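I am opening the notebook on a new structure today.

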Amino acid sequence: MGQIDHRTEVREFLSSRRARITPEQAGLPAYGSNRRVKGLRREEVAMLAGVSVDYYVRMERGNLSGASDSVLDALVGALQLDEAERDHLFTLARTAGSGRARRRRAPSTVRPAVQRVLDAISDAPAWVRNGRHDIVAMNRLGRALYAPVLADPRRPANTARFVYLDPAAREFFVDWETVSRDSASYLRLEAGRNPHDPDLVALVGELSTRSELFRQRWASHDVRLHRSGQKRLRHPVVGRLDLSFESMELPSEPGLVLNVYTASAGTPAADGLAMLASWAATQDEADLTEQPGASVEELRG
């Protein structure tokens, strides 16, 4: 996979959204039973969006340049897009109008002040990721929680690579099917935002080459937002952990997101996090014993 082509992204996204909506779902009469297309016809989408057929055909062929917000919102309604899909459509349109493509890499480091914020979160696993889902910084509990992910010596560790290519992921994530589907969806969002990131292109190429399931999920063009929810894990040391997560963009660090996992007080998951903290402390002590001249901070990297 040499590149993520913008026109192909637009074409396949719009056609896949059109294909999933039946005339009945769109409130249109379905004449006869021999429709040659799956879902809506292009002219039906154009009618629902209030644009000419020629204009919609031009857009579905990959040309969103010049499309106004009102036209895009009309498409959102016609294709019954959810919030993540709307954001993706608008991002694709902005990318189309941005002129010459730039090869911009997602951030892979954080400022020392951000690391200090992470380290100040002592009772919850926390880490910072970029749009490719590379883990670029963690606190001690984050490293302990994601020990199976960090077992791969490649750096930066990448959760999408772990999910699709490491057999341990199926044991670690209780809801592995959902996690794997979401992982491909998040990468699709990033491809819309930053289609010329060479590291993203390389990651998608690697996953597509090595995982048939990823190829299928990638081809679906599904997108999802990753803001909050539940994560159920089987940690190899402390066992089952049912945690809540919050994902927050860092305004001072464009392209980076802070993730924090928590558990309600008095729950088995809270007890599990306490056990995890104790285990993490013993790991730090063991590392210092092996390298008596090193500090915990020096061992972090």
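**Entry 1, the chain as a whole.** I note before anything else that this is a predicted model. I looked up the secondary structure and found 15 helices and 5 strands in the chain. Of the 301 residues in the chain, 48% are buried, and the accessible surface comes to about 15,300 Å², with 49% of that surface belonging to carbon and sulfur atoms. I then turned to the contacts with a separation of 6 or more, and I found that residues 24 or more positions apart account for 58% of them.

I located Ser16 in helix 1, which covers residues 6-19. What does its side chain meet? A polar atom of the Ser16 side chain lies 2.8 Å from the backbone oxygen of Phe13. Leaving aside residues up to four places away in sequence, I recorded that Ser16 touches Ser220 and His221.

I went through helix 3, residues 53-60, and listed its buried residues as Tyr56, Val57, Met59 and Glu60. These residues cover an arc of only 160° around the axis, so they lie on the same side of helix 3. I next asked which helices the buried residues of helix 3 pack against. They pack against helix 1, helix 2 (42-49) and helix 4 (69-79). Last, I checked the backbone just after helix 3, where Gly62 takes a positive phi of about 110°.

Note on methods:
Residues numbered from 1 in each chain as written. Predicted model: local features only at pLDDT ≥ 70, side-chain atom pairs only at ≥ 80, totals over all residues. Heavy atoms only, no water. Helix = DSSP H or I, 4+ residues; strand = E, 2+ residues; numbered from the N terminus. Buried < 20%, exposed > 50% of the residue type's maximum accessible area, 1.4 Å probe, protein only. Contact = heavy atoms within 4.5 Å. Areas by Shrake-Rupley, 256 points an atom, 1.4 Å probe, with all protein chains shown as cover. Polar contact = N/O pair within 3.5 Å; in protein donor to acceptor, adjacent residues only side chain to side chain. Arc of directions from axis to C-beta.
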